[in-house]
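Please read this note with the sequence and the coordinates open beside you.

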Amino acid sequence: MTSATDLLPILNVPDPRLRAKAKPVAAGDARIADLSARMLATMYKAPGIGLAAPQVGELLRLVVLDLHENDIPAPMVLVNPEIIAESTEMAVREEGCLSLPGQYADVTRPARVKVRYQDLTGAKKEIEGDGLLSACLQHEIDHLDGVLFVDHISALKRNMLLRKLAKELKLKAQE
C-alpha cells in the first residue's frame, strides 16, 4: 500500500513545466519503476484515469493509465509512448485534466490510435485503442509535448475555461 508521503504534487496551469517538451526515458533508468508507482498512486488518489510525468514536475516521456473498465483495476505504464497511426474518423468526447481541476470541454480527436511504447522491462509493445482509451492515450501523450486538452478547443472556450480556473485556484489559495 502506498502512503500519502509517496504521493506527488500535481502541477496546475499555468505552471510552465506543463508546456515543456519531455525528454525520452533512457534505457535502464532505475527511477522509472518507483516514479511510475508513485504516479499511479497519485492518479488514483486524485482521482483520475491518466497522468503524465510532466504533470508531477518530471519532464520525462512517461505515462500511467487505468480506465478501470468493469471496475477492475488495470494499471498501464507507458515508457516513451508515441502515436504511430491514427484513424481519419474523428470522435468528440468530453475531457478533463488533473492539471486543470474541475474544467471540462468537448474535444475532437481521431477515433482510433495505435501507440508504440516500452514497458517497465524495456520491452517494445504496441496498443490500439478506440473510445475512451483512444482519447486517454492521445491526451496523455499530448502532455509529453507540452500540449493541453484546452489547446484542442476554440480560443474563446479556452480563454473562458482558463479564466474560470484561475479564479477558482485564487479563491482556493485564500481559504
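The points below go from the basis of the model to its sheet, helices, cysteines and salt bridges.

1. This is a predicted model, in which local features need pLDDT of at least 70 and side-chain atom pairs count only at pLDDT 80 or more, while totals for chains, interfaces and linings use all residues. Residues are numbered from 1 along each chain as its sequence is written, and side-chain values use heavy atoms, with hydrogens and water left out.

2. The model has an open sheet of five strands in the order E1-E2-E3-E6-E7, paired in the antiparallel sense. Its edge strands, E1 (50–52) and E7 (124–130), each pair on one side only, and the twist from one strand to the next averages 40 degrees. Strands (E, at least two residues) and helices (H or I, at least four) are DSSP runs numbered from the N terminus, and two strands pair if DSSP finds at least two bridges between them. Angles run from 0 to 180 degrees between N-to-C directions, the axes being lines fitted to C-alpha atoms, for helices over the stretch in contact.

3. Within the sheet, strand E2 (residues 62–65) and strand E3 (residues 76–86) are joined by four bridges in the antiparallel sense; Val 64 has Val 77 of E3 as its bridge partner. Helix H1 (residues 31–45) lies across E1, E2 and E3 and runs at about 40 degrees to E2. Helix H2 also packs on the sheet, where it touches E1, E2, E3, strand E6 (112–118) and E7, and its direction makes about 125 degrees with that of E7; contact here means heavy atoms within 4.5 Å.

4. How far apart are the end C-alpha atoms of H2? They are 21 Å apart, which agrees with the 20 Å that the 14 residues of H2 (residues 131–144) should span at 1.5 Å a residue, the expected span being 1.5 Å times one less than the number of residues. H2 is mostly covered, since 12 of its 14 residues are buried, among them Leu 133, Cys 136, His 139 and Asp 142. Buried means under 20% relative accessible area, exposed over 50%, and partly exposed in between (1.4 Å probe, protein chains only). After H2 comes Gly 146, with a positive phi near 75 degrees.

5. The structure holds zero disulfides, a disulfide being a pair of cysteine sulfur atoms within 2.5 Å. The sulfur of Cys 97 has its closest cysteine sulfur in Cys 136, 10 Å away, and is therefore too far for a bond. Both residues count as buried, Cys 97 at 10% relative accessibility and Cys 136 at 5%.

6. There are 12 salt bridges, each a side-chain nitrogen of Lys or Arg within 4 Å of a carboxyl oxygen of Asp or Glu. Arg 116 meets Glu 82 at 3.9 Å, N to O, and this pair links strand E6 with strand E3, 34 residues apart. Arg 116 also meets Glu 126 at 3.6 Å. Glu 82, Lys 114, Arg 116 and Glu 126 are linked in a network of salt bridges. Arg 116 is partly exposed at 35%, as are Glu 82 at 39% and Glu 126 at 45%.

7. Glu 95 and Arg 109 form a salt bridge whose closest N and O atoms are 2.6 Å apart. Because Glu 95 lies in strand E4 (residues 90–97) and Arg 109 in strand E5 (residues 100–110), the pair ties together parts that are 14 residues apart in sequence. Glu 95 is buried at 5% relative accessibility, and Arg 109 is buried with a relative accessible area of 5%.
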